[in-house]
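Visitor: I have a structure open and would like to talk it through with you. Could you walk me through it, starting with whatever terms we need?

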2 protein chains.
Amino acid sequence: MNTSSEHKPQPIGIFDSGVGGLTVARQIIKLLPEESIVYFGDTARVPYGTKSDRIVREFTWEDCLFLLWHGVKLIVAACNTASAIALDELDRYLQIPVVGVIKPGARAAAESTQRGIVGVIGTQATVDSKSYQKEIHRIDPDIQVHVTSCPLFVPLAEEGWTEGEIPKLIAEKYLQPLLLENIDTLILGCTHYPLLKPLLQDILGDEVTMVDSALETAKDVAALMTAQDMLSSDPDPQRNFYVSDLPRRFEDLGQRFLGEQIGTVSIAEPWKGSPPSQFDETK
Amino acid sequence: MNTSSEHKPQPIGIFDSGVGGLTVARQIIKLLPEESIVYFGDTARVPYGTKSDRIVREFTWEDCLFLLWHGVKLIVAACNTASAIALDELDRYLQIPVVGVIKPGARAAAESTQRGIVGVIGTQATVDSKSYQKEIHRIDPDIQVHVTSCPLFVPLAEEGWTEGEIPKLIAEKYLQPLLLENIDTLILGCTHYPLLKPLLQDILGDEVTMVDSALETAKDVAALMTAQDMLSSDPDPQRNFYVSDLPRRFEDLGQRFLGEQIGTVSIAEPWKGSPPSQFDETK
């Protein structure tokens with residue numbers, strides 16, 4: 001494999017179950033503005049976090065194949081559930097590097113905690129996987145990790161109910177057990193949760209630091225691409241966004257996550273496969 | 001078509017995006033205890049109600065094909081979203097009868113209303129389809145119909161948060177505009193909502209009648225099968241349940257909906273197609 005040293009203008013591939021992964025795309029664009037990007041959001045089958053390992057792996061492979069068909073040089077699993085469940089398998093079988101959001105978040109939390117007590121909130125599937133505990137304990141086995149799932153946060157964020165009494169009561173109910181454990185750091189272990197940040201900070205108080213893995217993940221991507229000499233310097237990088245359903249809704253909602261205009265979003269259904277001609281023969 | 005007069009022990013097929021359609025299965029079993037049933041719940045791709053017409057039609061066709069492969073004699077679309085969006089198309093192309101949940105619910109509401117003011121709650125897709133308005137106005141164009149979507153009700157019901165302050169505040173927020181319209185009848189236009197019935201009745205008060213289409217749909221199925229001479233009298237009817245994900249969870253959760261033990265639930269992924277040998281040649 002020496003394709004990496006040829007500075008091809010191949011894009012970075014990013015996928016998520018929906019719109020949340022755009023927070024990761026945003027940080028990657030900020031750190032690596034000369035890279036092209038292909039983003040896929042599986043909005044027809046969202047959410048992933050309430051489903052089994054078997055189904056999350058199946059959907060994740062289909063998402064990745066779609067990105068491979070676009071000739072990506074690196075894949076970012078910008079979805080906590082997919083990262084928690086399928087990253088090891090992707091990394092084992094794919095030739096190109098695959099970066100998830102769990103390790104960067106775990107590292108940032110381990111660096112941030114003063115008392116050595118970290119909280120994690122995520123989907124049921126992410127919680128069940130125990131991925132955050134494993135990654136944090138790989139760094140420091142003495143850190144206490146308390147994990148809880150927050151199933152209503154994704155629908156609240158998608159509904160746009162991010163402030164007011166109802167979201168506050170729901171968030172208090174979920175966070176209370178973590179506060180009782182005296183956490184000083186909280187990992188937002190789902191790419192939807194940053195939308196609820198102000199609300200969560202109000203409940204947590206100023207002494208708890210929130211870790212959002214988007215920026216940390218972008219840093220890991222930049223470091224890895226630098227180390228492996230994979231950076232592009234394209235004066236006109238392309239950004240292409242695909243979803244499996246509701247592209248207009250993604251264009252509207254996505255702006256809030258990406259922090260800039262998205263442009264036209266196209267429909268793709270990776271589970272239907274791709275004609276051979278679409279496979280990039282240069283890869 | 002004279003297969004219908006041969007009293008074959010073919011099953012009734014029922015599908016839903018998930019577990020909610022079991023409320024319909026329950027009423028069908030009660031009214032037609034000698035009928036075999038094949039149930040499919042698309043738990044890998046749930047929910048349908050937040051997705052586009054295009055995707056709901058695609059998924060619905062796959063669900064129906066799975067039932068056809070099991071040699072069903074009639075299909076019940078026990079999902080409001082699928083009924084609202086895809087029923088006309090299914091009915092146009094399939095030889096066997098197809099029964100949805102919208103018409104029975106609309107008829108029951110038109111019969112129930114005293115003041116001629118009916119409320120409907122449902123998913124975003126059901127609301128956007130305007131199906132309930134159309135069906136009610138086909139019966140009586142003078143009935144006022146007020147419709148609202150309740151996106152958080154499905155996650156609340158799936159979470160089991162069906163009582164207490166948080167569900168009460170959410171339900172009040174959704175129902176307030178309907179109460180201001182002075183409705184005397186409310187259609188529960190999603191098979192998940194019957195789980196929230198006690199909570200909703202508290203907010204609505206005794207003067208508002210709730211219509212849950214499960215029983216009405218079962219009555220329509222029984223009437224249609226009687227009229228078309230399709231009834232079976234099987235002393236040992238089979239009940240087979242399939243889901244696309246999390247069968248154990250469906251077994252646990254399903255009991256609450258079905259009102260009896262479900263037995264073993266199997267996995268099926270209709271989007272992967274079926275081997276030709278699985279197609280029932282007697283159909």
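This is a predicted model: local features need pLDDT of at least 70, side-chain atom pairs count only at pLDDT 80 or more; totals for chains, interfaces and linings use all residues.

Visitor: Fine. With that in hand, what share of the contacts in chain A between residues at least 6 apart in sequence join residues at least 24 apart?

Guide: In chain A, 78% of the contacts between residues at least 6 apart in sequence are of that kind, joining residues at least 24 apart.

Visitor: How many helices and strands are there in chain A?

Guide: Chain A has 11 helices and 10 strands. Its radius of gyration is 18 Å, close to the 19 Å that the globule rule gives for 283 residues, so chain A is as compact as a globular protein of that length. The C-alpha trace of chain A spans about 55 × 40 × 35 Å along its principal axes, and buried residues make up 52% of the 283 residues.

Visitor: Switching to annotations, which residues does UniProt list for "active site"?

Guide: The UniProt record, an unreviewed entry, lists A:Cys79 and A:Cys190 under "active site". These residues span 112 residues in sequence, yet no two of their C-alpha atoms are more than 6.9 Å apart, so they gather at one spot.

Visitor: Where does A:Cys79 lie, and is A:Cys79 buried or exposed?

Guide: A:Cys79 lies in the loop between strand S3 (74-77) and H3 of chain A, and A:Cys79 counts as buried because it has 35 C-beta neighbours inside 10 Å. Leaving aside neighbours within four places in sequence, the contacts of A:Cys79 are A:Phe15, A:Asp16, A:Ser17, A:Gly21, A:Tyr48 and A:Thr191.

Visitor: And where is A:Cys190 found?

Guide: A:Cys190 is found in the loop between strand S7 (185-189) and helix H9 (197-204) of chain A, where A:Cys190 is buried, with 28 other C-beta atoms within 10 Å. Not counting residues up to four places away in sequence, A:Cys190 touches several residues, among them A:Gly49, A:Asn80, A:Thr126 and A:Phe153.

Visitor: You mentioned H3; what about A:Ala84, which lies in that helix?

Guide: A:Ala84 lies in helix H3, residues 80-93 of chain A, and counts as buried, with 30 C-beta neighbours inside 10 Å. Beyond neighbours within four places in sequence, A:Ala84 is in contact with A:Ile102, A:Ala125, A:Thr126, A:Ser129 and A:Ser131. The C-alpha atoms of A:Ala84 and A:Gly100, which are 16 residues apart along the chain, are separated by 8.1 Å.

Visitor: Now the other chain: how many residues does the contact take from chain B and from chain A?

Guide: The contact takes 17 residues from chain B and 17 residues from chain A. On the chain B side, the elements that give two or more residues are helix H7 (153-159) and H8, with H8(B) providing the largest share, five residues. The residues of that side divide into 10 nonpolar, one polar and six charged.

Visitor: Last one: where does B:Asp184 lie?

Guide: B:Asp184 lies in the loop between helix H8 (165-180) and strand S7 (185-189) of chain B, and B:Asp184 is partly exposed, with 17 other C-beta atoms within 10 Å. The C-alpha atoms of B:Asp184 and B:Arg115 are separated by 6.7 Å, although these residues are 69 residues apart along the chain. Leaving aside neighbours within four places in sequence, the contacts of B:Asp184 include B:Thr113, B:Arg115, B:Glu207 and B:Thr209.

Definitions and conventions. Residues are numbered from 1 along each chain as its sequence is written. Chains are lettered from A and ligands numbered from 1 in the order in which they are written. Helices (H or I, at least four residues) and strands (E, at least two) are DSSP runs, numbered from the N terminus. The radius of gyration is taken over C-alpha atoms; the globule rule is 2.2 Å times the number of residues to the power 0.38. A residue is buried if 20 or more other C-beta atoms lie within 10 Å of its own, exposed if 12 or fewer, and partly exposed in between; C-beta atoms are placed from the backbone. Two residues are in contact if their C-beta atoms, placed from the backbone, lie within 7 Å. Ala, Val, Leu, Ile, Met, Phe, Trp, Tyr, Cys and Pro count as nonpolar, Asp, Glu, Lys and Arg as charged, and the others, Gly among them, as polar. UniProt positions are given in the numbering used here, feature names are shortened, and annotations may be inferred rather than shown by experiment.
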